[in-house]
Amino acid sequence: MPIQIFCSVSFSSGKEAPGPLGDVWGRHQRQQRDNSESEEEEEEKEKEAARKEAREGDLPMDLVAFANSCTLHGASHVFVEGGLGPRQALWAVAFVLALGTFLCQVGDRVAYYLSYPHVTLLDEVATTELAFPAVTLCNTNAVRLSQLSYPDLLYLAPMLGLDESDDPGVPLAPPGPEAFSGEPFNLHRFYNRSCHRLEDMLLYCSYRGGPCGPHNFSVVFTRYGKCYTFNSGRDGRPRLKTMKGGTGNGLEIMLDIQQDEYLPVWGETDETSFEAGIKVQIHSQDEPPFIDQLGFGVAPGFQTFVACQEQRLIYLPPPWGTCKAVTMDSDFFDSYSITACRIDCETRYLVENCNCRMVHMPGDAPYCTPEQYKECADPALDFLVEKDQEYCVCEMPCNLTRYGKELSMVKIPSKASAKYLAKKFNKSEQYIGENILVLDIFFEVLNYETIEQKKAYEIAGLLGDIGGQMGLFIGASILTVLELFDYAYEVIKHKLCRRGKCQKEAKRSSADKGVALSLDDVKRHNPCESLRGHPAGMTYAANILPHHPARGTFEDFTC
């Protein structure tokens with residue numbers, strides 16, 4: 001870019017010298033002044049043009065031009081040259097109404113999304129095989145009368161509601177070896193030796209048409225005392241599978257509940273049972289039995305058919321659902337389930353409040369005595385279950401397997417089979433009718449049911465609805481939004497530049513364009529001394545000062 005150097009040389013002098021020399025000097029001075037004025041006018045025009053060009057370059061696009069080029073429908077009809085007329089006013093009203101409707105729809109969709117709705121999907125999946133569930137059964141009578149001695153009766157009296165001075169009214173067994181061993185009574189050992197034995201109760205067992213027996217059952221303790229679980233999957237035993245649905249393809253057992261071994265009812269306590277029969281719970285192998293609350297009853301004198309269907313439940317975590325992907329932080333159970341959490345929590349509660357645990361509870365704390373059962377354990381557990389809802393908070397797992405059941409019953413024995421069964425088991429017909437039951441558990445069909453919670457409205461649906469409403473009401477898209485942001489950016493940038501930032505930069509750049517030449521720089525050329533050594537009237541090329549035109553004789557210009 002060419003560099004322009006502007007020189008300003010001023011001299012103080014009186015009137016013009018008379019004579020020819022003064023005329024020449026005056027003529028040249030007027031010519032110099034005229035040329036300087038014309039140059040100043042040209043410079044001002046150039047500066048004004050530069051300022052206008054800079055100003056036009058910094059200005060953003062005009063609003064009317066932007067409205068005409070923007071993809072927002074209706075804007076080109078509202079913002080037009082010539083001001084606002086009736087036609088533009090109608091377009092403006094229509095545009096505002098459409099924009100308001102669009103914003104209302106967006107607010108409704110956003111509120112619906114923030115409610116985190118979900119739907120539940122039900123599906124049935126056919127399969128070639130299914131894992132058979134665990135089946136836990138307990139006799140509703142915890143202690144056999146034939147195993148109860150007088151010391152045992154005195155020990156259990158608080159749990160049975162019997163006063164020590166009362167006559168039991170039934171014959172009792174002689175004291176066992178434990179009565180003379182000197183060791184304190186242990187309720188766990190007592191239940192273990194005095195409960196109904198599966199070898200005595202189980203009259204017939206069949207699984208998928210093949211024989212089974214007590215060796216297919218595992219011992220487990222519950223609130224009913226000593227119980228038994230079929231297909232527990234513990235102790236290295238594989239989990240059984242079934243290949244077909246319907247009766248005959250599951251578990252079928254015949255049991256003798258031994259009502260003649262039931263204890264008399266001396267009083268009403270939490271351990272007293274008025275029922276005769278067994279409690280059954282069908283559950284997954286990954287969760288412990290909670291049979292006192294989740295089991296169903298099977299009565300003697302009936303054959304009970306239980307048609308099962310496996311249900312796999314999948315829940316959503318918050319905020320869509322209430323489940324929690326939790327791991328079991330317990331010393332007693334490896335996998336998390338609601339029943340495992342409940343048993344673990346109840347155990348900790350009793351140990352903290354009673355310094356003991358019930359027979360069915362895991363851990364190494366001492367077992368509660370019958371007195372502690374009556375005075376502390378049973379009331380504390382009842383309070384925990386009924387009133388204290390904050391101590392035991394068991395979250396719903398996000399993946400759960402349960403078994404839906406349909407029960408049906410028929411009378412057993414029939415009149416035609418009563419004599420045969422009495423003869424087969426060496427019992428009376430009355431005993432058969434009062435004590436024998438048959439339980440048949442099977443899969444109804446060889447499939448499982450999935451119940452899954454799904455998000456009803458996700459972010460993709462929200463964006464789709466907003467985009468549809470945006471296109472319907474104002475004819476815009478995401479690129480239109482970017483256009484608006486881009487225009488807003490240009491306007492803000494222009495406002496900031498007009499406040500002085502850009503003007504300062506323009507002044508700084510214009511100040512760097514010119515170079516001032518002082519009078520001392522001119523004097524360094526010493527033109528007067530040169531003039532004295534040359535003939536009068538000698539002319540020189542006027543290139544001492546840049547961009548100066550020829551001024552005639554040198555003395556006319558400087559001396």
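Helix H10, residues 370-386, has 17 residues and reaches 22 Å from its first C-alpha to its last, close to the 24 Å expected at 1.5 Å a residue, where the expected span is 1.5 Å times one less than the number of residues. Helices (H or I, at least four residues) and strands (E, at least two) are DSSP runs numbered from the N terminus. This is a predicted model, in which local features need pLDDT of at least 70, side-chain atom pairs count only at pLDDT 80 or more, and totals for chains, interfaces and linings use all residues. Residues are numbered from 1 along each chain as its sequence is written, and side-chain values use heavy atoms, with hydrogens and water left out.

Within H10, a kink of about 35° lies at alanine 377, shortly before proline 379; the bend at a residue is the angle between axes fitted to the seven residues ending there and the seven starting there. Ala377 is also among the buried residues of H10, which include Tyr373, Ala380, Leu381 and Leu384 (buried: under 20% relative accessible area, with a 1.4 Å probe and protein chains only). What covers the buried residues of this helix includes H5 (150-160), H6 (187-194) and H9 (338-354), contact being heavy atoms within 4.5 Å.

Strand S16, residues 436-455, is mostly covered, with 15 of its 20 residues buried. Two strands pair if DSSP finds at least two bridges between them. S1 (residues 118-126) pairs with S16 in the antiparallel sense over 9 bridges, and alanine 126 has asparagine 447 in S16 as its bridge partner. S9 (residues 251-256) is likewise antiparallel to S16, over 6 bridges, with isoleucine 253 opposite leucine 439. S12 (residues 302-314), by contrast, runs parallel to S16 and is joined to that strand by 11 bridges; here leucine 313 is partnered by isoleucine 451.

Conventions
Buried means under 20% relative accessible area, exposed over 50%, partly exposed in between (1.4 Å probe, protein chains only).
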